[in-house]
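Biologist: Before we discuss particular places in this protein, could you show me how such features are read?

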Amino acid sequence: MIPLLDLKAQYASIRSEVEPAVLRVLASGHYVLGEEVAGFEEEFAAYCDAKHAIAVNTGTSALHLALLAAGVGPGDEVITVSFTFVATASAVCYTGARPVFVDVEPATLTMDPAKLEAAITPRTKAIMPVHLYGQMADMAAIKAIADKHGIPVIEDACQAHGAEYKGRRAGSIGVSGCFSFYPGKNLGACGEGGIVVTNDDEHAKKIRMLRDWGQEQRYHHTMKGFNYRMDEIQGAILRIKLRHLEAWTEARRVRADRYSKLLAGSRSVRVPIAMMDRRHVYHVYAVRTHDRERLQHSLRSEGIHTGLHYPIPIHLQKAHADLGYRSGDLPISEAAAREVLSLPIYPELTIKQVDQIAAAVEQDAYVS
Ligand SMILES: Cc1ncc(COP(=O)(O)O)c(C=O)c1O
């Protein structure tokens, strides 16, 4: 059996480093926002080439606070994409603002800059592209439009730790960038976690206060804040994992290249497009196919597990029906939602397994 993701294998490879660190935290008696979290913030900021990093409890909280720091609130609009995990839009709704969706580019499935300007209104308070699957959106084009209108860009980099656009790291181009450390992410906690990175001193200060009840000083609440703090155990584990992240990312890229080489001429699937000016970190390796259900079943019968990221775009989700979108409004996103199929990808997946999966995909094409 080949799972979509194998967190036990990753843990086995770093167990000797993680266990003593967790035991040290347990013995320290300091469990929330301490030395480990502060150390991780410094190290992650350096990793992203950003001045500040503020650790929080989830990627969704990171997005929420980044939006609040940008002044987003009730009555405002935030332009984002629909072909993403639901949290992207939910974070906008938490602020009382309304998500406005633009379609994605067919090649990268990230925000289409050509559709952006028409969506800007006097109420637009932020633009939030998503670096889907680990490949950054077209940040130069998006920033140029945003700057022209004086609108801040917040990067949803929850799937893109270490991704680059023209040599610049994810999270460091917009006014802020938000990451998730959900266990299955390229850098994952043993529980929940998230972080905001920013070069803006004011945003950093505000986010730091908002994550801890809006207090600058204990029991002096300057703002209405939240309990979005990170645990010390997660901070300690993430510091260890961050030291392995580059090697893990390269292993993902090697596996993705192998898939793309083996499936380049496939009759049943189209491989993902990696743009020349970007470093794709392959959080997800999604092929596209017209008969997804059959391919998914046929791989399952060979013991190969696959995933769907994502089968329903947000604008067609029941929970967001109040936004008033209809089927057909975002055709590229809707087609992607019908066609994408995620193949297993993680550093511990062997090259032999990649070959086996690619052969099973091609076998299905041969049978059809
Ligand atoms: C694109 C995107 N945005 C936001 C999130 C939310 O992160 P979290 O699950 O840590 O709240 C995720 C991950 O789950 C994500 O993939």
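Modeller: Let us start with exposure: a residue is called buried under 20% relative accessible area, exposed over 50%, and partly exposed in between (1.4 Å probe, protein chains only). By that rule L23 is exposed, because its relative accessible area is 56%; L23 is found in helix α1, residues 7-28, helices being DSSP runs of H or I with at least four residues and strands runs of E with at least two, numbered from the N terminus. This is a predicted model, in which local features need pLDDT of at least 70 and side-chain atom pairs count only at pLDDT 80 or more, while totals for chains, interfaces and linings use all residues. Residues are numbered from 1 along each chain as its sequence is written, and side-chain values use heavy atoms, with hydrogens and water left out.

Biologist: Is K185 buried or exposed, and which residues does K185 touch?

Modeller: K185 is buried, since its relative accessible area is 16%, and its place is in the loop between β8 (176-180) and β9 (194-198). Taking contact as heavy atoms within 4.5 Å, K185 touches C158, Q159, H161, S180 and H283, not counting residues up to four places away in sequence. The unreviewed UniProt entry annotates K185 as "active site", though such annotations may be inferred rather than shown by experiment.

Biologist: Which strand is joined to β9, and by how many bridges?

Modeller: Two strands pair if DSSP finds at least two bridges between them; here five bridges join β1 to β9, and the two run antiparallel.
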